Amino acid sequence: MSVWIAIVATGLGCYALKLGGLVTPQRVLADPRVRRFTDLIPVALLTALIAVQALADGRSLEFDGPRMAGLAAAVAALLLRAPFLVVLGAAAGVAAGLRLLGL
Amino acid sequence: MTTVQARGAAGPPEERAQVRAGVRDGLGVGLTVGVSGLAFGASAVTAGLSVAQACALSLLAFTGASQFALIGVIGAGGGLAAGALGAVLLSGRNALYGLRLAGTLRVRGWRRLLTAQVVIDETTAVATAQPSRAAARAAFYATGISIFVTWNVTTLLGAAGAARLGDPEAVGLDVLGPAAFLALLWPRLTAGRAEVAVAVAAAVIALVATPLLPPGVPVMLAALAVLPALLRPAARRAGAGDGDEDGEAGA
């Protein structure tokens, strides 16, 4: 399997899933529990994504000090109600700064 | 896309203000998060892809986590079939997002075919954070178009300049993804106790499953965290606006 085939297959598969959700008949949402489910799904999946991106490297868990410090800076900025760009700037700045210092 | 949004722009002043705020949110998220295409382009070339392959993957797959998953497998010398399958599995959440967004977007025909490509984490997060349907649609397309353009342009720049950029981690690019998602989730996390419970459970499930299952599967598995909230008797009216009915709202 060449890399190109893997790329095209991944592209097609990802697109099919995106379209699949959009074209699924909305009557499946008639049940309030299903609606509640689709309401909460982004919360669950995005939090899981944050956790994995922050604490995992492939299949191993790792604690990266500067990365976690960057995320802590993001939380602090959010608690201070900073705008979106400031939150991202604080996170990347703290992580980059600590790495520059060799921590 | 202008016709899609035209209806929202015809509403009362309050609604127009919400639509404008939604577009602003969307552009802010799209332009800033899209820049992490730099990190993807650089990582892809580092993993052994050509510049053209990196760009094709960003155009076709257009869902960051899956793209990183595939090049991670390629870089580690793993099987391409398993890598592609894992990447597609990881994007399974986009199907759930589509299910959630279909009623908000209400697109048909060729517009739906184009819209599908930008049903991703960022567009869903921004759209579901809006106070009205018109604002949600405007925010969705503002995010989708700006992030699609930025992500693909910066993929090219990152891939072409990989040698010069050096280590993306050195400039903190690896923190941008989780920090952006955290900022997007923040209003939901401070909106109610059920949301916080779901979030904590989801993070625990994903982390516990990470060493045990192939990349991509743990995040999907975290969807199970939603189930306890559904089993509670007499579930609250769903479908009402997000957050308003939460007694614990505030912060």
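This is a predicted model: local features need pLDDT of at least 70, side-chain atom pairs count only at pLDDT 80 or more; totals for chains, interfaces and linings use all residues.
**The interface**

Start by colouring the two chains separately and selecting the contacts between them. On one side are 64 residues of chain A, and on the other are 82 residues of chain B. Within chain A, the elements that give two or more residues to this side are α1, α2, β2 (60-61), α3 (65-79) and α4 (84-100). Of these, α2(A) gives the most, with 23 residues.

**The nonpolar core**

Next, select Ala44(A), Ala48(A), Ala74(A), Ala91(A), Ala179(B), Val198(B) and Ala202(B). These residues have the most contacts inside the largest nonpolar core, which has 114 residues. Helix α2 of chain A, residues 32-55, supplies the largest share of this core, 14 residues. At least three core residues come from domain 1 (1-60) of chain A, and at least three from domain 2 (63-103) of that chain.

Centre the view on Ala91(A). Setting aside neighbours within four places in sequence, Ala91(A) touches Gly70(A), Leu71(A), Ala73(A) and Ala74(A) in chain A, and Gly172(B), Val175(B), Leu176(B) and Ala179(B) in chain B.

**Ile50(A)**

Now move to Ile50(A), in helix α2 of chain A. Is Ile50(A) buried or exposed? Ile50(A) counts as buried because 24 C-beta neighbours lie inside 10 Å, and the cut-off for a buried residue is 20 or more. Leaving out neighbours within four places in sequence, the contacts of Ile50(A) are Pro178(B), Phe181(B) and Leu182(B). For a distance within chain A, pick Leu71(A) as well: the C-alpha atoms of Ile50(A) and Leu71(A) are 9.8 Å apart, with a separation of 21 residues in sequence.

**Helix α4 of chain B**

Select residues 51-60 of chain B, which form helix α4. Its buried residues are Gln53(B), Ala54(B), Cys55(B), Leu57(B) and Ser58(B). What covers them includes α1 (3-23) of chain A, along with α3 (37-46), α5 (64-75) and α10 (133-160) of chain B. After α4(B) comes Phe62(B), which has a positive phi, near 40 degrees.

**α1(A) against α4(B)**

How do the two helices run relative to each other? Their axes come within 8 Å and cross at roughly 15 degrees. Angles under 35 degrees count as roughly parallel, and α1(A) and α4(B) are therefore roughly parallel to each other. The crossing is right-handed. To see the contact, show Val3(A), Trp4(A), Ile7(A), Val8(A), Thr10(A) and Gly11(A) on α1(A), and Gln53(B), Ala56(B), Leu57(B) and Leu60(B) on α4(B).

Note on methods: Residues are numbered from 1 along each chain as its sequence is written. Chains are lettered from A and ligands numbered from 1 in the order in which they are written. A nonpolar core is a set of buried Ala, Val, Leu, Ile, Met, Phe, Trp, Tyr and Cys residues joined through C-beta atoms within 7 Å. A residue is buried if 20 or more other C-beta atoms lie within 10 Å of its own, exposed if 12 or fewer, and partly exposed in between; C-beta atoms are placed from the backbone. Helices (H or I, at least four residues) and strands (E, at least two) are DSSP runs, numbered from the N terminus. Domain bounds come from an automatic or database domain assignment. Two residues are in contact if their C-beta atoms, placed from the backbone, lie within 7 Å. Axes are lines fitted to C-alpha atoms, for helices over the stretch in contact, and angles run from 0 to 180 degrees between N-to-C directions. Angles under 35 degrees count as roughly parallel, over 145 as roughly antiparallel, 65 to 115 as roughly perpendicular and the rest as oblique. A crossing is left-handed if the near helix is turned anticlockwise from the far one by less than a right angle, and right-handed if clockwise.
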